[in-house]
Amino acid sequence: MASLHLLCVPSKFQAIIPSRTLSVTQLLVFELLASLKTNPSCTGVVLSQEPPKVQLPADFISQSVPAFSTATALCDHATSAWQDGDQSIMHLSFPNDPLPLWVLSYWVSMSHALEHQHVIERLPWDVPLKGVGAQTDLSTSGLRLLLASGPIGGRLMDTMIAAVVERMQASQNGDLQTVCVESLILMDTLHLSEKRWANYETEKAFTRLHTIGSALHEGTLQHVLFPINS
């Protein structure tokens, strides 16, 4: 597609973007020539129908780049904007120099690396997680388990489930209101002994299962998702 060709970063500039296969240690010491904008909502970038200059401004590489989310949104928009005749982008730092569209792709890659470098170098190695991770007793040192090739533990699974639930609750999709996502505890309940299942109506361990079953019967729930601990 023509849009993909226009957004392809030349090899000369790809060489100054850290490879995704670099180790964390290598990324931390990689000299990134650009910096992130201090105000991520202020981009100063507009699409233009002017043809881009052949040569980029001399100080282009050292200029700050938009935040990753902003750069990604601009790049996504540019994939179709070229059909409307847009050939370049205008930046406040270079008002007289229309920049080629591939600069957007360059910003995406560079801001992605910069944001990760900043986060990693400031991350304490063994403190409790924040955000959705705060719902577990997992610490930052436990993140290494996510990179292992073996089975993951229940705490990591619960953390990921909590992230899914948080996104579902924030969604405006009405269909998600009839979907229930449960933690590993539900699977543990299903694995209880026959003796305890014989007391299903009175056993406290089945309280949550009662609630889910009633909601399914009444139609307020349509689907129940839960991990299987094998």
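Student: Before we start, what do buried and exposed mean here?
Tutor: Buried means under 20% relative accessible area, exposed means over 50%, and partly exposed is in between (1.4 Å probe, protein chains only). This is a predicted model, where local features need pLDDT of at least 70, side-chain atom pairs count only at pLDDT 80 or more, and totals for chains, interfaces and linings use all residues. Residues are numbered from 1 along each chain as its sequence is written, and side-chain values use heavy atoms, with hydrogens and water left out.
Student: OK, helix 9. Which residues are buried there?
Tutor: L209, I212 and A215. Helices (H or I, at least four residues) and strands (E, at least two) are DSSP runs, numbered from the N terminus.
Student: And why are those on the same side?
Tutor: They cover an arc of only 130 degrees around the axis, which puts them on the same side of helix 9. The arc is that of the directions from the helix axis to the C-beta atoms.
Student: Which exposed residues are on the face turned away?
Tutor: H217 and E218.
Student: What does the buried side pack against?
Tutor: Helix 7 (184–190), helix 8 (194–197) and strand 5 (223–225), with contact meaning heavy atoms within 4.5 Å.
Student: What follows helix 9?
Tutor: G219, and its phi is positive, near 90 degrees.
Student: Switching to helix 4, which residues are buried?
Tutor: T70, A71, C75, A78 and A81. Seen down the axis, they fall within an arc of 130 degrees, so they line one face of helix 4.
Student: And what do they pack against?
Tutor: Strand 1 (45–48) and helix 5 (102–121).
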